[in-house]
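Here is a short note for a colleague who is meeting this structure for the first time. Please keep the sequence and the structure open while reading the points below.

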Amino acid sequence: MSIEKRAAKPPNRLLFFAAILLPPRFTPMSVRYDRRYRTLDKYRFIAGFLAIPLAFYAIFVISPFIQAIYYSLTDWSGGPIANFVGFDNFVKMWNDERFWDSTTTSLTLLVIAPVVTLVLGIFFAYMITAGGRHRKGQAISGVAGSSLYKVVYFFPQVLSVAIIAVVWGRVFNTNAGLINGGLDLVGIKGPAWLGGEYGLALIAVLTVICWSFVGFYVVLFSAAMGGIPKDIYEAALLDGAGRGTTFFKVTLPLIWDTVRTGWVYMGIQALDSFAIVLVMMPSHAMKVTPVFLYERFREGQFGYATAIGVVLLLLSVVFSLVVMRLGNRDRIEY
Amino acid sequence: MSTSTSTRTESRQSKTDQVKVQESGGALNVFSHAFLILWTLMAAGPLIWVAVTAFRTSSDILNDPMGLPSSLHWANFANAWNQAHIGQYALNSLIILAGSLTGTMLLGSMAAYVIARFTFPGNKFVFLLFAGGMMFPVILALVPLFAVMENFQLLDTRPGLIIAYIAYSLPFTTFFLTSFFRTLPTGVQEAAMVDGASHTRTFFQIMLPMAKPGLVSIGIFNFLGQWNQYLLPLLLNNENESSYVLPQGLATLAIAQGYRGDWGALFAGLTIAMVPVLVVYAVFQRQVQAGLTAGALK
């Protein structure tokens, strides 16, 4: 059959509509090569492929997010009735001492954890990419066994936060933990890390957060540093720049975009240190805002818990904006 | 331009430089190795401690936490597997993961393919909808999600948990795969269509195999994310202890064993949970590192 012949004979209207419901393989040729059918087939395919993913996404992700905004303004306690109460939940939060206690802890983590983690991450990444012995004709060289270091540093990233929290709960244990056991060997009686003293508990949580994420940033930053062309380092070396100068004047500015993204990401992680605190801490030692939210939810204060969630979202948005503004530098193309 | 003179001075200068740098390089090399090894001990230390201590009896551990096992006390592993139900939890995790990972990859790649390769009204909107979902923390949706699941009678059921995993993995999966499908050549797709393959067939037999590198990266990302998930099961799968997934079961066990003082079983349980993941990671380290850092680099 030639193409002209097919085009000359428009398909039967009935056959055409039947073809909408048929899979292409059973559709007659005369219909299949019709232009209108092709458009229709395309949209049928698009709708078919998007329907289930979009439905799942809309019902279980988008709609809860939108409902959250509404429920934060109600006194909902899980039943069918939710009375609109305006900003009562937020006023209650303002006057709730427990909210301020947990949020102070969360904010402390938000400020300290990213700085410590990123500094360690950049330091180790630079050691790995540039700390090696100079080889002939190379301005910069990595240390031996760099991939081995990266593999080990990355370990915590592949483990569940719940498991990390259980492990560290044992490590910090007062009587039979790794840390106090080690202190015992040198004759120091270790304190009760998770036993209720706020400062020690904070140090413990910070340690765990940093421990979990340093490896991630070492991999991320050493990939970014590896992307810097070697001739820039050669030029710096020829100009007589030392290691320190090279780092602060060449490496850091060139990976700054990655650092800033990592900073935002790490801040959001620190704000959401839910599992670590919930699993590792006895509840009286310290709380963070997500744990406070979860406890209100378990008590059935659904409206109040949702309002706390909204505040958490606002905190992370404000943090991201501040970091993006503070860390704004001219982008360097290379 | 006197090229010859400039090269000569340059070479002389670089020679003196090299001598100087080599000296400082040696010192720095030792210094950097010292720090790197220190952190290696920090990173692996707690994990090694848990794995070694898993072979000791509970009373030994409580007497001397730093000691080495006097004999291999395998009973801890049997206790963990049977009495502490680690075996059951691992099986639950596997069943959930089988459903959720398949679903995520299938639905994510379908949506991504359509968004990347077809022009239709609302294309951009759908893309932004998925991309926007990445920015919201799950904890914000916690309470309403619980209610939605309850309405659909999906609370404390396996399908419910699987659907939740899929739904919350879709934004990043779709976002990542959309940009991946965009990089594939258009010619192959057109050729398949000219040869009479349907859209569906083109997708499954031509485009999916071509997208394999992207699928592997995002597959590893989702595998680890879903296997390690703690918040969603805690919220949606909290009623019945026999249906707990692995991280959930271990967290519960940690509290229970803390009271009973049976540390041996807990350490064995942790080891059982950690070792397979670490082994898989050690084998596929390059892909895993690429997969997990892909999100931050995009």
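This is a predicted model: local features need pLDDT of at least 70, side-chain atom pairs count only at pLDDT 80 or more; totals for chains, interfaces and linings use all residues.

1. For chain A, an unreviewed UniProt entry lists residues 45-70, 107-128, 148-168, 198-220, 263-282 and 302-324 under "transmembrane region". In the model, residues 45-70 of chain A are 100% helix and 0% strand, with end C-alpha atoms that lie 36 Å apart. Residues 198-220 of chain A are likewise 100% helix and 0% strand, and the end C-alpha atoms of that span lie 33 Å apart.

2. For chain B, the ranges that UniProt gives as "transmembrane region", again in an unreviewed entry, are residues 30-52, 89-113, 125-149, 161-181, 202-224 and 263-284. Among them, residues 89-113 of chain B are 100% helix and 0% strand, and their end C-alpha atoms are 35 Å apart. Residues 161-181 of chain B are also 100% helix and 0% strand, with 29 Å between the end C-alpha atoms.

3. Turning to the interface, 85 residues of chain A are in contact with 78 residues of chain B. On the side of chain A that touches chain B, the largest share, 20 residues, is supplied by helix H4 of chain A, which runs over residues 35-71. Sorted by class, that side of chain A has 60 nonpolar, 18 polar and 7 charged residues.

4. How do helices H10(A) and H13(A) pack, and at what angle? Helix H10 (residues 198-226) and helix H13 (residues 256-271) of chain A pack at an angle of about 160°, with their axes 11 Å apart. Angles over 145 degrees count as roughly antiparallel, and H10(A) and H13(A) are therefore roughly antiparallel to each other. Their crossing is right-handed. The residues in this contact include A:Phe213, A:Tyr217 and A:Phe221 of H10(A) together with A:Gly262 and A:Met266 of H13(A). By class, the contact of H10(A) with H13(A) has 8 nonpolar, 3 polar and no charged residues.

5. In a second pair, the axes of helix H6 (residues 97-130) and helix H15 (residues 289-298) of chain A come within 7 Å and cross at roughly 145°. Here A:Arg98, A:Phe99, A:Ser102, A:Thr103 and A:Ser106 of H6(A) meet A:Thr289, A:Val291 and A:Phe292 of H15(A). The residues of the contact of H6(A) with H15(A) divide into 3 nonpolar, 4 polar and 1 charged.

Note on methods: Residues are numbered from 1 along each chain as its sequence is written. Chains are lettered from A and ligands numbered from 1 in the order in which they are written. UniProt positions are given in the numbering used here, feature names are shortened, and annotations may be inferred rather than shown by experiment. Helices (H or I, at least four residues) and strands (E, at least two) are DSSP runs, numbered from the N terminus. Two residues are in contact if their C-beta atoms, placed from the backbone, lie within 7 Å. Ala, Val, Leu, Ile, Met, Phe, Trp, Tyr, Cys and Pro count as nonpolar, Asp, Glu, Lys and Arg as charged, and the others, Gly among them, as polar. Axes are lines fitted to C-alpha atoms, for helices over the stretch in contact, and angles run from 0 to 180 degrees between N-to-C directions. Angles under 35 degrees count as roughly parallel, over 145 as roughly antiparallel, 65 to 115 as roughly perpendicular and the rest as oblique. A crossing is left-handed if the near helix is turned anticlockwise from the far one by less than a right angle, and right-handed if clockwise.
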